[in-house]
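Colleague: I have a new model open and I'd like to learn how to read it. Could you walk me through it?

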Amino acid sequence: MRKVDLAIVGAGPAGLAAAIEGAKRGCSTLVLDMNPLPGGQLVKQIHKFFGSQEHRAGTRGIEIAAQLLHQAETEEVEVMLGAEVYAIHDRTLEVAWAFTGDSSASSSGGGATPPSRHLAIAARRIILATGGAENALNFPGWTLPGVMGAGAAQTMSNVWRVLPGERILMVGAGNVGLIVSYQLLQAGAEVVAVIEAAPRIGGYGVHAAKIRRAGVPILTSHTVVRAEGRTQVEKAVIARVDSSWQPVPGSERELDVDTICIAVGLRPNARLASLAGCCLHYSPRLGGWVPIHNSRMETTIPGIYVAGDLSGVEEASTALEEGRLAGICAASSLGKSNPGDDERIAAIEERLISLRSGPFCQPRQDAKQELIEIGEVQCCKE
Amino acid sequence: MMDDDTIVCRCEEVTVGQIRQAIREGAADVTGVKRRTRAGMGLCQGRTCEKIVMRILAQELGKPLSEFAPATVRPPVQPITFGLLAEGTDG
């Protein structure tokens with residue numbers, strides 16, 4: 001049994017940020033990630049981030065991932081890739097470890113699954129940063145090859161350089177749907193239409209404007225009725241919806257597409273947290289069932305912390321801040337602090353408030369506040 | 001209104017109609033649907049369909065989504081081989 005001070009599940013922005021802070025305070029720190037590449041969703045973010053300098057505006061997500069990884073290495077964080085945490089009990093993680101950590105081995109592997117080794121890791125503190133999972137949408141024909149999550153299409157195109165299809169229908173005009181549409185255009189696909197069931201575009205205007213300028217129609221109050229095809233998607237039927245979300249008879253239209261991307265939101269990937277015994281709370285604004293946590297990011301199970309999309313679906317910038325907060329607080333609970341940590345925590349909380357302000361984000365701020373208030377009552381006190 | 005023939009759980013090929021039937025027979029939560037239909041018991045363990053099952057439950061029983069919690073999570077939460085389990089508990 002391997003023993004560490006701090007084990008972190010997930011090497012995305014939240015997990016890496018948490019690891020850096022933990023290691024800076026003298027914790028032996030191990031990050032586990034099931035993927036062959038570290039960085040979580042950042043490795044697919046080929047676009048530049050916007051916002052403040054503090055949150056690396058103007059930097060591409062993939063570069064942010066590289067910076068975080070470099071910093072983690074400097075602080076002597078161990079990052080174990082291809083490591084699937086399949087169980088958690090007390091403060092022990094059961095891991096199936098499939099890769100050597102040498103990324104050349106995994107990228108040349110094709111479809112073959114390397115044999116896994118079993119590892120057990122006992123950690124004094126655990127930070128879960130398992131991210132979000134894409135929501136599915138079921139309609140007749142949705143099991144045909146060619147129907148996929150927008151995130152899956154983005155991974156294929158941006159990480160593995162495989163174009164998922166040539167003629168795309170994007171379902172959902174939130175930021176994911178808009179950004180992935182633009183990136184698929186850049187990769188050489190034709191985006192036939194972006195449809196959105198709500199009467200308004202959900203994502204930022206700046207992203208919507210980019211794809212409109214490229215000539216892609218964005219049809220609000222529209223849904224996908226069915227997919228047709230023999231062995232794969234050959235056609236999509238879409239229709240207008242009324243105010244109660246029902247398709248309007250006679251408004252059906254056929255689109256000649258080979259790929260249907262589903263971008264209808266994400267939810268916290270709370271399985272491991274749930275298995276650990278963490279109490280969940282239902283919050284539609286945060287993506288559904290989310291682990292209850294207090295202002296120190298600690299869950300209802302003492303010693304287990306959460307950060308990033310797992311603690312409410314938001315953005316990479318908030319995930320970074322929550323990760324830092326979880327890392328500092330987990331280390332502090334082991335008696336490992338740096339001078340000035342109280343001020344650092346206050347500054348992080350201030351930045352989180354500013355990131356969650358404005359008409360677009362205020363509902364999330366309110367939902368997060370509600371979750372933390374529940375956490376302050378239900379989670380253990382120091 | 002979802003068509004009865006539409007698949008919900010693609011791993012176990014469970015349809016909307018089968019889930020509605022299970023609810024009529026008394027399934028009142030995700031676990032109840034799972035036990036009666038196997039929805040969520042395949043390779044992905046409900047990762048894809050669980051939220052759709054919750055939505056059907058809410059619609060059929062006329063209750064808000066917040067009343068339907070995810071099914072009990074049990075290890076392994078990722079698909080692993082029996083060979084790996086046989087390696088024992090100390091790696």
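Predicted model: local features only at pLDDT ≥ 70, side-chain atom pairs only at ≥ 80, totals over all residues.

Colleague: I've seen interfaces described by an area instead. What is that?

Modeller: In general, the size of an interface is often given as the accessible area lost when the parts come together. Here we have residue counts: 27 from chain A and 25 from chain B.

Colleague: Let's stay with chain B. What is its secondary structure?

Modeller: Chain B has four helices and two strands, and from the N terminus on they run β-β-α-α-α-α. Along the principal axes, its C-alpha atoms fill a box of roughly 50 × 25 × 20 Å. Of the 91 residues in chain B, 35% are buried. Among its contacts with a separation of 6 or more, 44% join residues 24 or more positions apart.

Colleague: Can we try one residue? Is B:Glu25 buried or exposed?

Modeller: B:Glu25 has 9, so it is exposed. You'll find B:Glu25 in the loop between helix H1 (16–24) and helix H2 (30–37) of chain B. B:Glu25 and B:Arg36 are eleven residues apart in sequence, and their C-alpha atoms are 9.1 Å apart in space.

Colleague: Now chain A. Which domains does the assignment give?

Modeller: Domain 1 covers 2–133 + 266–378, and domain 2 covers 136–262. Taken over C-alpha atoms, the centres of these two domains of chain A are separated by 30 Å. Their contact takes four residues from domain 1 and six residues from domain 2. The domain 1 side divides into two nonpolar, one polar and one charged.

Colleague: And the nonpolar cores? Which residues touch the most other members of the largest one?

Modeller: That core has 74 residues, and A:Ile127, A:Leu128, A:Tyr305 and A:Ala307 touch the most other members. Helix H8 (residues 316–333) of chain A gives the largest share, nine residues. Take A:Ala307: leaving aside neighbours within four places in sequence, its contacts include A:Ala14, A:Ile127, A:Met297 and A:Ala326. Apart from this core lies another, of 36 residues, with A:Tyr182, A:Ala189, A:Val194 and A:Ile211 among them.

Colleague: How should I read the sheets?

Modeller: One general idea to start: in a regular strand the side chains alternate between the two faces of the sheet. Then look at order and direction. In chain A, five strands form an open sheet in the order E8-E15-E9-E10-E11, with parallel pairing. Strand E8 (147–149) and strand E11 (218–220) stand at the edges with a single partner strand each, so one side of each has no neighbour in the sheet. From one strand to the next, the twist averages 20°.

Colleague: What joins strand E9 to strand E10 of chain A?

Modeller: Five bridges do, and the two strands run parallel. A:Leu169 stands opposite A:Ala193 in E10(A). Helix H5 (residues 175–186) of chain A lies across E9, E10 and strand E15 (259–262), at about 170° to E10(A).

Colleague: Which sheet has the antiparallel pairing?

Modeller: An open sheet of three strands, in the order E12-E13-E14 of chain A. Its edge strands are E12 (222–228) and E14 (253–255), each pairing on one side only. Neighbouring strands here are turned by 30° against each other on average, direction ignored. E12(A) and strand E13 (residues 235–240) pair over six bridges, and A:Val224 stands opposite A:Ile238 in E13(A).

Definitions and conventions: Residues numbered from 1 in each chain as written. Chains lettered and ligands numbered in written order. Buried ≥ 20, exposed ≤ 12 C-beta atoms within 10 Å, placed from the backbone. Contact = placed C-beta atoms within 7 Å. Domains from an automatic or database assignment. Nonpolar A, V, L, I, M, F, W, Y, C, P; charged D, E, K, R; others polar. Core = buried A, V, L, I, M, F, W, Y, C linked by C-beta atoms within 7 Å. Pairing = 2+ DSSP bridges. Axes fitted to C-alpha atoms, helices over the stretch in contact; angles between N-to-C directions.
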